[in-house]
Amino acid sequence: MKVFMQSLGCAKNQVDSEMLLGVLKEHIEMVACAMEAELILLNTCAFIEPARKEAIDTIFELVEVKKETKAKLVVCGCLPQRYKEEIISLIPEVDRFVTIDEYKNLGNILNQVMNSNFHYNKEYSPLNRIYATPNYMRYVKISDGCLNRCAFCAIPLIRGTLKSRTIEDIVSEVTQEVKDGAYEINLISQDTTKYGYDLYKKLALVDLLKELVKIEGDFKIRLLYLYPEIVTDELIKFIKTNAKMMKYFDIPIQHSEDKILKAMLRRSNKKMIIDLLHKIRTEIPDATLRTTLMVGFPFEEEEDVDQMIEFIKEIQFDHMGAFTFSLEENTPATKYPNIIPEDIKIRRYERLMQVQQQIAYNRKLKKISTIISDAFIIGYDEESFMYIARSDEFAPDEIDGCIYVAAKEELSLGQRIQVKILDADAYTLTGEQVE
């Protein structure tokens, strides 16, 4: 059976897609074009309104493909998990909507859809996947769901409460991935810092990391999605003192001002956030700091944005993403007054990102004439005739940017080289390969 898979949204969704394909792998041939498929699988995101719009638009695009090819179309993920009844009537052309809760029964569902009788004996499991990432990097989802109840966030409504994997299970997965050649291991979840609290009745992230760094092999670990209130001194020290840990702190703080943080039902406050970020920079001067901020949340005023701009000028984040507030049904924010018009949200977003662009540019300029010793090749740019690389300071999926490299020899994907930086802009570094 020829299968085309398209995965929307975050890396956590991508891992789900890889596991879904793992269930099917004994009976399918993956194709790169939907027009060639007998079965089209779409994994959707429904976190915020733009993600839902992208999902709906993609479904309608694939419906047109289905009409032409007679393929079956199955839509999975967050959109049907949250809106199954509504979208069944909205888009009857879809052969089956599959909720996240139904993933473990995927084989039987597809047999019904395809009128087939394949025996799918592979388990829906992180240890059984068809990887979408290149061999040198992997995403490892250490938990699903979330214990936080931020006023703006629908993730607990979609994914439920925290569900951690055991340390042993994760160690088994990473051990195999390192054996298969993975250098970059990205640990992901909705709240990575809360890992293990449901299983071990304590914050167990450092316990997990202690076991992972024991694995033999040449690899490094990146942590993504750390919540500021539980980035502990123990975690900072562990990252500082272990060579297999990337000195990369992805800490989405959402806002800087206390009145907005309180309205968001965040447990952090401005002083705590500033103290934490200064502590990281003091303990690990070469650490990479990344965050995510939101503008346009109810009660936000222009002076709050002014203060947030002064805050990012003080902290000097290496990488910063921002987005405008999206009102999500059934979240606490729906009960708030003072909904801010969209044009004002966009203007505030543009103000914030314009300042951050200059900050990022200034920080990149400091890299000129330095040598990055751990750059690894991720592609080749035909226009510039240069290789594209990343290092510890750049997360995957073009979130942070990349390094353009003039090479002295032909290089291969995943190969690690030293690069002398010669030029920079806000999002990229440019350099040459050195011995």
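Author: The coordinates belong to a predicted model.

Reader: Why is R290 called buried?

Author: Buried means under 20% relative accessible area. R290 has 13%, so R290 counts as buried.

Reader: What makes the contact of D250 and R290 a salt bridge?

Author: The criterion asks for a side-chain nitrogen of Lys or Arg within 4 Å of a carboxyl oxygen of Asp or Glu. The side chains of D250 and R290 meet at 4.0 Å, N to O, and the pair is listed as a salt bridge. D250 belongs to strand 11 (residues 248-250) and R290 to strand 12 (residues 288-295), 40 residues apart.

Reader: How many salt bridges does a search of the whole structure find?

Author: The search finds 46. One of them joins R82 and E328, at 3.0 Å from N to O. R82 lies in helix 3 (residues 78-90), and E328 in the loop between strand 13 (319-324) and helix 13 (342-365), so this pair ties together parts that are 246 residues apart in sequence.

Reader: How do you know whether R82 and E328 are buried or exposed?

Author: The limit for buried is under 20% relative accessible area. R82 has 16% and therefore counts as buried; E328 has 0% and is buried as well.

Reader: Why are D218 and R416 called partly exposed?

Author: Partly exposed lies between buried, under 20%, and exposed, over 50%. D218 has 49% relative accessibility, so D218 counts as partly exposed. R416 has 35% and is therefore partly exposed.

Reader: What links D218 with R416?

Author: D218 and R416 form a salt bridge, with the closest N and O atoms 2.1 Å apart. D218 is in the loop between helix 8 and strand 10 (220-223), R416 in strand 17 (residues 416-424), and 198 residues separate the two.

Reader: What makes T44 a buried residue?

Author: T44 has 0% relative accessibility and therefore counts as buried. T44 is placed in strand 3 (residues 39-44). A polar atom of the T44 side chain lies 2.7 Å from the backbone oxygen of C76. Beyond four places in sequence, T44 touches residues including L8, N13, A55 and V75.

Reader: Why does L203 count as partly exposed?

Author: L203 has 35% relative accessibility, so L203 counts as partly exposed. L203 lies in the loop between helix 7 (197-200) and helix 8 (205-212). With L147 and Y197, L203 makes a nonpolar surface patch of about 250 Å².

How values were computed
Residues are numbered from 1 along each chain as its sequence is written. This is a predicted model: local features need pLDDT of at least 70, side-chain atom pairs count only at pLDDT 80 or more; totals for chains, interfaces and linings use all residues. Side-chain values use heavy atoms; hydrogens and water are left out. Patches are made of residues with over 30% relative accessible area and no salt bridge: like charges are joined within 9 Å, nonpolar side chains (Val, Leu, Ile, Met, Phe, Trp, Tyr) within 5 Å. Accessible areas come from the Shrake-Rupley method with a 1.4 Å probe; for residues, only the protein chains shown count as cover. Helices (H or I, at least four residues) and strands (E, at least two) are DSSP runs, numbered from the N terminus. Buried means under 20% relative accessible area, exposed over 50%, partly exposed in between (1.4 Å probe, protein chains only). A polar contact is a pair of N or O atoms within 3.5 Å; within protein, one must be able to donate a hydrogen and the other to accept it, and residues adjacent in sequence count only if both atoms are side-chain atoms. Contact means heavy atoms within 4.5 Å.
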